[in-house]
Amino acid sequence: MKTKRPLVGLVETGDGSWSLYHEELGVHYRSQHGAFTESRHVFLEGCRLASRVGVWRVLELGFGGGINFLHTAAMARACGSSLEYHTIDWAPVDPTTLQALHQHAPPAMQPFSALAQEVTAQAEPSELIAYAEAPEGDIRLWLYPTPWQDAAIPIQFGAHAIYHDPFGPRVNPEGWGVDCFSWMRQRIADDGILATYSAAAHVRAALVAAGFALAMTTGPVGKREITLAAVDHSVLSMYTLLSTERYRQKALALF
Ligand SMILES: C[S@@+](CC[C@H](N)C(=O)[O-])C[C@H]1O[C@@H](n2cnc3c(N)ncnc32)[C@H](O)[C@@H]1O
């Protein structure tokens, strides 16, 4: 059996950066208002990786076009940090499409496209983990081409950043429930931050039900606010903290 490759098209977004469109599902992989702006604002800045010294351990749900990966790798290289990037995607985009997409990326990101292409080329059902690393040894990439439940990432993995980045709940409901967030709660470091582009009350309720403390900040263009989550509110003190009690009540009513 071959890996399920999505049928995708390339699209230019509002900030001049490029992203992908999933023809079958009718959804964009990144915000139409600005793919790179969204990636940087929600995930890289949201998780505060630039202020972390040493190794950055990232766990991502949804590799997609690899935009978050290219961005994070370029930032790690610029900061002199090393990157361990673990990403899960049950329908990896084919490497030729990634190559075409990444040709539109800024020069500092382009060297990392080869790693993205390498892991997606390896991704077959028999291959439970695909792996590639930069010749310099500072950027390492693991792709788990499976549903998130089947990804061989151990409990207490200690992710410094979790990029929660499936499609929205209408298309990927299994990525937004208490079970998915509980799985992530077991794999985040005590000082790690989970970032999601969603500000929906039911998503925040599911995060609280999974044991997360919450905060919010303004969103990128086209989005009023986004949500950050951590083991403890003290990790999120730079953001506007959200009431755990309020979302616990909501969770009791919903789940
Ligand atoms: C919004 S796109 C990710 C965009 C990507 N992070 C980027 O920077 O280009 C969502 C991706 O999540 C994957 N995905 C959605 N639900 C999933 C699940 N339950 N398990 C594994 N992968 C999933 C999809 O196949 C899709 O490639």
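The model is a predicted one, in which local features need pLDDT of at least 70 and side-chain atom pairs count only at pLDDT 80 or more, while totals for chains, interfaces and linings use all residues. Residues are numbered from 1 along each chain as its sequence is written, and side-chain values use heavy atoms, with hydrogens and water left out.

Helices (H or I, at least four residues) and strands (E, at least two) are DSSP runs numbered from the N terminus. Two packed helices are described by the angle between their axes and the distance between the axes. Axes are lines fitted to C-alpha atoms, for helices over the stretch in contact, and angles run from 0 to 180 degrees between N-to-C directions.

The pair H1 and H2 may be taken up at the outset. Helix H1 spans residues 35-45 and helix H2 residues 67-79; they pack at an angle of about 65°, with their axes 10 Å apart. H1 is therefore roughly perpendicular to H2, given that angles of 65 to 115 degrees count as roughly perpendicular, those under 35 as roughly parallel, those over 145 as roughly antiparallel and the rest as oblique. The crossing of these two helices is right-handed; a crossing has this hand if the near helix is turned clockwise from the far one by less than a right angle, and is left-handed if the turn is anticlockwise. From H1, Phe36, Ser39, Arg40, Phe43 and Leu44 meet Ile67, Asn68, His71, Thr72 and Met75 of H2, where contact means heavy atoms within 4.5 Å. The residues of this contact comprise five nonpolar, four polar and one charged. In this division Ala, Val, Leu, Ile, Met, Phe, Trp, Tyr, Cys and Pro count as nonpolar, Asp, Glu, Lys and Arg as charged, and the others, Gly among them, as polar.

Next comes the pair H3 and H4. Helix H3 (residues 95-102) packs with helix H4 (residues 113-122) at an angle of about 165°, and their axes lie 9 Å apart. H3 is therefore roughly antiparallel to H4. H3 passes H4 in a right-handed crossing. On the H3 side, Pro95, Leu98, Gln99 and His102 meet Ser113, Ala116, Gln117, Thr120 and Ala121 of H4. Within H4, the residues Ser113, Leu115, Ala116, Gln117, Val119 and Thr120 are buried; buried means under 20% relative accessible area, exposed over 50%, and partly exposed in between (1.4 Å probe, protein chains only). The buried residues of H4 pack against H2, H3, E6 and E7.

Alanine 134 belongs to the loop between strand E6 (130-133) and strand E7 (139-144). With a relative accessible area of 4%, alanine 134 is buried.

Beyond E7, the loop between E7 and E8 holds proline 147. Proline 147 is partly exposed, at 28% relative accessibility. Its contacts, apart from neighbours within four places in sequence, are Ile88 and Trp90. Proline 147 and aspartate 89 stand 58 residues apart in sequence, yet their C-alpha atoms are 6.7 Å apart in space. Glutamine 156 is also in the loop between E7 and strand E8 (159-164). Although not a glycine, glutamine 156 has a positive phi of about 60°, and its relative accessible area of 71% makes it exposed.

Arginine 48, likewise a residue other than glycine, has a positive phi near 55°. This arginine 48 is found in the loop between H1 and strand E4 (55-61), and is partly exposed with a relative accessible area of 38%.

What of the cysteines? A disulfide is a covalent bond between the sulfur atoms of two cysteines. With a disulfide taken as a pair of cysteine sulfur atoms within 2.5 Å, a search of the whole structure finds zero. For cysteine 47, the nearest cysteine sulfur is that of cysteine 79, 14 Å away. Cysteine 47 counts as buried, at 4% relative accessibility. For cysteine 180, the nearest cysteine sulfur belongs to cysteine 47, 15 Å away. Cysteine 180 is buried too, at 0% relative accessibility.
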